Amino acid sequence: MSSGGTIVENGRTYYTVGTLKYSLFGLVNLFIWMLWGDFCFTLMEMLIPSLLPLFLKSHEAPNWLIGLVVGSIPAALNFIINPIVSTRSDRTRTRWGRRIPYLLFASPFVTLFLILLGWSDAIGGFIQQTVFGGAVPAATVIIGCIIVFAVAFQCFNMFVFSIFYYIFADVVPKQFMGRFMALFRMVGTIAGFTFNRYIIKYADLHMPWIFTAVALVYFTAFMLMCLLVKEGQYPPPEPPKGNPVRTYFRECFSLSFYRWFFLAMACNDASTVCRTMFNLLFARNDLGLPLAQYGDIMSVNAVISFFLLIPMGFLVDRLHPLRTYIAGAMLVIAANLFGFFFVRDYITFFIVAILIAIVYVIQNASKLPMFVSLLPAASYGQFSSANAMVVSVFLIFANFGGGVFIDFLGYRYIFIWDLLFTTLGLIALLKVYRYWSRSGGRRGYVAPTVQNRPAVD
């Protein structure tokens, strides 16, 4: 599939990607619907890492169980589901496209189980009385309901989480990818601001209604996006060659370039698990910050991130996303080192939270453009799923291990966890950068495959 370009017809300029052709108005319309879908998707995605640990902790669940439910089980599901769905979507051909049918299928189930998850207290209490006759502790039954609904939610959300990001490579002209991703991150930041400023402070008293409202908003937005964003026509998929599983692993893992790339992404994703799960608990339990105050800090960070994303899109397009991502990793290491030694109260937590938000803006703005620029376009879903498999293996152990790590050392060590894994990821990224530079860099790089195996691999 063509990466696209710019053409002039009858004095009018059009922007192309594959068989799609956009006028300026059409491109703006595409951006609006994709970004609106992202806003609601991000709002929905924040429920699990932000509120599920709080939900489980309210029933005295240990940190290792929080890590298992919030991170390890979803990672295991991602390991199984993502490669199947991603590879099949690369080969799917329907009048709706190759990505949107999967989103249309999964979104109703995502909504249903998210609502049930929010009402786990009431459902668990009902089951405890009617099924067990009060013989089993209510907390045990409720935690069981949370786990069941959370796992069911994650099964279907893996379809959405995988496929949603692949659409960008198929419908957004490549010359606008850095700016689109900057806008994409800005919209996600607005969603984060909305959640932290106006929603999270009500979590203790109105958890079921928060889950219900966010789930329904997500469902409405995603259905509209799927109906109004059009995919182009794709060439017929190549016929399978030999054993499909063997072919998949040979194509994705036989080149050292991709092995280093997948390792770098896995380390960087694993680096954030402790902060994702325990930052709120660190602020509340160790520093004594109330939920409203924590939400205010996170919302201020979102505002700062929003304005930083405006120039970041242009910077990514100008310098190349791989370079900016590496620079971001170096700054993440420095920010965590500073945070470990200096966070002691509201003011220092606020300062370090701002620093962390700033350095992650750099990586967040460049991550998906980096994928688009480095992975083969024709097999983008397949290679993305291979990356997801490696990331999932890391996250299965990192989420559970992170819970145990925090149980032993305390919430402050979220900074050390991030620092160690980001350092490992940086080492792998420098290997990737060396190959990329030797293979032509910004102007001459072509994604390597087993068919055009490079001499430098």
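These legends describe an overall view and several close-ups of one predicted model. Residues are numbered from 1 along each chain as its sequence is written, and side-chain values use heavy atoms, with hydrogens and water left out. As the model is predicted, local features need pLDDT of at least 70 and side-chain atom pairs count only at pLDDT 80 or more, while totals for chains, interfaces and linings use all residues.

View 1. Helices (H or I, at least four residues) and strands (E, at least two) are DSSP runs, numbered from the N terminus. The C-alpha trace spans about 70 × 50 × 45 Å along its principal axes. Of the 457 residues, 56% count as buried. Buried means under 20% relative accessible area, exposed over 50%, and partly exposed in between (1.4 Å probe, protein chains only). Contact means heavy atoms within 4.5 Å. Among contacts between residues at least 6 apart in sequence, 82% join residues at least 24 apart.

**View 2. The largest nonpolar core has 153 residues.** Such a core is a set of buried Ala, Val, Leu, Ile, Met, Phe, Trp, Tyr and Cys residues joined through side-chain atoms within 4.5 Å. L51, L52, F164, F168 and F349 have the most contacts inside this one. Its largest share, 20 residues, comes from helix 6 (residues 138–171). Apart from this core lies another, of seven residues, among them M186, L309, M312 and A365. Leaving aside neighbours within four places in sequence, L52 is in contact with L47, V69, V70, L117, I146 and A150.

**View 3. N82 sits in helix 3 (residues 63–91).** Is N82 buried or exposed? N82 is buried, because its relative accessible area is 3%. Its side chain makes a polar contact with the side chain of Y166, at 3.4 Å. A polar contact is a pair of N or O atoms within 3.5 Å; within protein, one must be able to donate a hydrogen and the other to accept it, and residues adjacent in sequence count only if both atoms are side-chain atoms. Beyond its neighbours within four places in sequence, N82 is in contact with L77, S162, Y166, S385 and A388.

**View 4. R284 lies in helix 11 (residues 273–286).** R284 counts as partly exposed, at 29% relative accessibility. Not counting residues up to four places away in sequence, R284 touches L54, D204 and L289. R284 and Y294 are 10 residues apart in sequence and 7.9 Å apart in space, C-alpha to C-alpha.

**View 5. E60 and H320 each have a positive phi without being glycine.** Phi of E60 is near 65 degrees. E60 is in the loop between helix 2 (47–57) and helix 3. It counts as exposed, at 69% relative accessibility. H320 has a phi of about 95 degrees. H320 is found in the loop between helix 12 (291–319) and helix 13 (321–342). It counts as buried, at 7% relative accessibility.

**View 6. Helix 16 (residues 414–438) has 25 residues.** From its first C-alpha to its last, helix 16 reaches 36 Å, close to the 36 Å expected at 1.5 Å a residue. The expected span is 1.5 Å times one less than the number of residues. Just after helix 16, G440 takes a positive phi of about 115 degrees.
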